[in-house]
Amino acid sequence: MSDGANIEYYLSETITLRLSCLDSAGDPSDLTGYTVSGWVRISPRDEVDILDLEPTISAPLTGVVEVDKLIGATPAGNYTWRVTLTNPDEVDIVIANGNIKLRP
């Protein structure tokens, strides 16, 4: 799991993240066969997404995951966010998470 990353955006902006997944040797991970999901919630324990980040695996062979999501009608406030890979064996791996402040 990654260390938490705190990010901040204005409501009219697009959340843009580029996450590189590396193995223990520092080489790019092959994400072929993996799926990815991501969300913004009031807290990590909530089950309701305030915003679906809709991440994509843009370059499976080089381990690149991207988020390019317009914030839209989400209320301003302080939230938590997470991006999770699911491997072919259906094991979840949190690759990025933290707090997010959405400003009006």
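The following dialogue examines a predicted model of a single chain.

Student: What makes up the secondary structure of the chain?
Tutor: The chain holds zero helices and eight strands. A run counts as a strand if it has at least two residues. Read from the N terminus, the order of elements is β-β-β-β-β-β-β-β.

Student: Why is the chain called as compact as a globular protein of its length?
Tutor: The globule rule gives 13 Å for 104 residues, and the radius of gyration of the chain is 14 Å, which is close to that value; the chain is therefore as compact as a globular protein of that length. Along the principal axes, the C-alpha trace spans about 40 × 25 × 20 Å.

Student: How many of the residues are buried, as a percentage?
Tutor: Buried means under 20% relative accessible area. Of the 104 residues in the chain, 38% are buried. The accessible surface amounts to about 6200 Å², with 48% of it belonging to carbon and sulfur atoms.

Student: What percentage of the contacts join residues at least 24 apart?
Tutor: A contact requires heavy atoms within 4.5 Å. Among contacts between residues at least 6 apart in sequence, 62% join residues at least 24 apart.

Student: Which strands form the open sheet?
Tutor: Five strands form it, in the order S1-S8-S7-S3-S4, and the pairing is mixed.

Student: Why do strands S1 and S4 stand at the edges?
Tutor: Strand S1 (7-10) and strand S4 (51-52) each have a single partner strand, so one side of each is left without a neighbour in the sheet.

Student: How do you know that S1 and S8 pair, and in which sense?
Tutor: Two strands pair if there are at least two bridges between them. Four bridges link S1 with strand S8 (residues 92-103), and the sense is parallel. Tyr10 stands opposite Arg103 in S8. The pair therefore meets the criterion of at least two bridges.

Student: What are the partners of strand S6?
Tutor: Strand S2 (residues 14-20) is joined to strand S6 (residues 64-70) by seven bridges, and the two run antiparallel. Leu19 has Val65 in S6 as its bridge partner. Strand S5 (residues 56-59) also runs antiparallel to S6, with three bridges; there, Ala59 has Val64 as its bridge partner.

Student: What lies between the strands in the hairpin of S5 and S6?
Tutor: Four residues lie between these strands, and Gly63 in this hairpin takes a positive phi near 70°.

Student: How far apart are the mean positions of the positive and negative charges?
Tutor: The chain has 7 positive and 16 negative charges, and their mean positions are 10 Å apart.

Note on methods
Residues are numbered from 1 along each chain as its sequence is written. This is a predicted model: local features need pLDDT of at least 70, side-chain atom pairs count only at pLDDT 80 or more; totals for chains, interfaces and linings use all residues. Side-chain values use heavy atoms; hydrogens and water are left out. The radius of gyration is taken over C-alpha atoms; the globule rule is 2.2 Å times the number of residues to the power 0.38. Buried means under 20% relative accessible area, exposed over 50%, partly exposed in between (1.4 Å probe, protein chains only). Accessible areas come from the Shrake-Rupley method with a 1.4 Å probe; for residues, only the protein chains shown count as cover. Lys and Arg count as positive and Asp and Glu as negative; His and the chain ends are not counted. The place of a charge is taken as NZ of Lys, CZ of Arg, CG of Asp or CD of Glu.
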